[in-house]
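User: Hello! I am new to this structure and would like to learn how to read its features. Could you show me the model and take me through it?

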Amino acid sequence: MAAPRTALLAHLQTWRPYTLWYPGLVGLAGATLAGAHPTTGQLMVAWAAPTLGWIAGHYLGDYYDRDLDALSKPQRPIPSGRLSPRTAVATGIGCIVAVAALALWANWRAVAVAAAAMAGIVAYSRVLKGRGLSGNLIRGVLTALTVLFGAMAVQPWPPWRVLPFALVFLAHDTASNLVGTLRDVDGDREGGYATVPVRRGLRRATHTAAALYLAAVAVACAATGLVPRDTAGYLVLLSAAALCGAGAFGLLLRSPGHLAPALALRAHAVLVAERLVLAAAVVAAGAGAAPALALLTPLLAVSVITQSRMRSRHEFPAPPLADGGPTLPEPRP
């Protein structure tokens, strides 16, 4: 049974369970902002379709990054041989087909949004990831589309009050994705990826990400008057998210010129948790604080636990032992 267990673990690592809950929560945020009374089926589509799209992005991204990962992250499923490139592509395409079917079932107009998101995933993975800020921006656009898709799972067209919140996630995820590039400078440079820190340096990349994050928080605060239901719950959770973001960027801004990869990963790990709180804040805006906290609490716990146990092993190759043999690094907090 070793082979099936190895294959299952390779798929699980590809899903990144510490990030897996975010797109569905963003989709639900869009659905609750739509202002209707969504059915259970509509809410399931708002959750499931973005989640499947997220998984598809990981499979296809790992496929397109397989040569780069072979250089800097040989422990990952594809370069290690635990997941074949063909299986990664087939699984990614299968997830995309499922997204299209769910969109068609919920609202045929949403198929266009889903198609734009899938095209963005392929464009990011295949072309834009190594093209500087445009790659980071497309990741923000994908999350903004998730908000719109969630609203369209409930309504024929997204109401206008959803748009400022989509802009919040656009700026936020552009910043978060840019922070994610700070730990991979050497590997990206060796692989020919012209990311912002490779082209402009760590200091410029850090300051750009911080400015984008501040813009996201500013728009979120300005959108308070558009909250349809629970303003207090929205503001409390938004404040908690902003405090987490301040902690993450505090780590980065204290040493932007000589940032260790482990410290950059730690800052991004904080943002991975922070964005769940941000998405829950928007869910609270449309559905109330109690449902938002009921969702956030277990999802945040799973994300934090799986990050501590899995993420450093996924991001960093095992250091050699003194006798030259490999070993796994201890999980980083």
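Analyst: Gladly, and let us begin with helices. Helices (H or I, at least four residues) are DSSP runs, numbered from the N terminus. The expected span of a helix is 1.5 Å times one less than its number of residues. In this case α11 has 21 residues and reaches 30 Å from its first C-alpha to its last, close to the 30 Å expected at 1.5 Å a residue. A word on the source: this is a predicted model, in which local features need pLDDT of at least 70 and side-chain atom pairs count only at pLDDT 80 or more, while totals for chains, interfaces and linings use all residues. Residues are numbered from 1 along each chain as its sequence is written, and side-chain values use heavy atoms, with hydrogens and water left out.

User: Which residues of α11 are buried?

Analyst: Buried means under 20% relative accessible area, exposed over 50%, and partly exposed in between (1.4 Å probe, protein chains only). In α11 the buried residues are Leu202, Ala205, Thr206, Ala209, Ala210, Tyr213, Ala216 and Ala220. They cover an arc of only 130° around the axis (taken from the directions from the helix axis to the C-beta atoms), which puts them on the same side of α11. On the other side of α11, Leu214 and Ala222 are exposed.

User: Why can residues a few places apart point the same way?

Analyst: An α-helix has 3.6 residues a turn, so residues three or four places apart point the same way.

User: What do the buried residues of α11 pack against?

Analyst: They pack against α8, α9 (185-191), α10 (196-200), α12 and α13. As for α13, 22 of its 27 residues are buried, which makes this helix mostly covered. Just after α13, Gly288 takes a positive phi of about 105°.

User: How many aromatic pairs does the structure hold?

Analyst: Rings of Phe, Tyr and Trp (its six-membered ring) pair if their centres lie within 6.5 Å; planes under 30 degrees apart count as stacked, over 60 as edge-to-face and the rest as tilted. The structure holds four such pairs. In one of them, the ring centres of Phe165 and Tyr234 are 5.9 Å apart and the planes are at 80°, so the pair is edge-to-face. It links distant parts of the chain, with Phe165 in helix α8 (residues 162-180) and Tyr234 in helix α12 (residues 231-253), 69 residues apart. Phe165 is buried, at a relative accessible area of 1%, and Tyr234 is buried with a value of 1%. Another pair, Tyr213 and Phe249, is tilted, at 5.3 Å centre to centre and 45° between the planes. Tyr213 lies in helix α11 (residues 202-222) and Phe249 in helix α12, so this pair ties together parts that are 36 residues apart in sequence.

User: Which residues have the most contacts inside the largest nonpolar core?

Analyst: A nonpolar core is a set of buried Ala, Val, Leu, Ile, Met, Phe, Trp, Tyr and Cys residues joined through side-chain atoms within 4.5 Å. The largest has 67 residues, and Phe149, Phe169, Tyr234 and Leu237 have the most contacts inside it. Helix α13 (residues 261-287) gives the largest share of this core, eleven residues. A second, separate core of 19 residues includes Val185, Phe249, Leu252 and Leu271.

User: Is Asp65 buried or exposed?

Analyst: Asp65 counts as buried, at 3% relative accessibility. It lies in the loop between α3 (40-64) and α4 (66-72). Contact means heavy atoms within 4.5 Å. Leaving aside neighbours within four places in sequence, Asp65 is in contact with Lys129 and Tyr193.

Notes. Helices (H or I, at least four residues) and strands (E, at least two) are DSSP runs, numbered from the N terminus.
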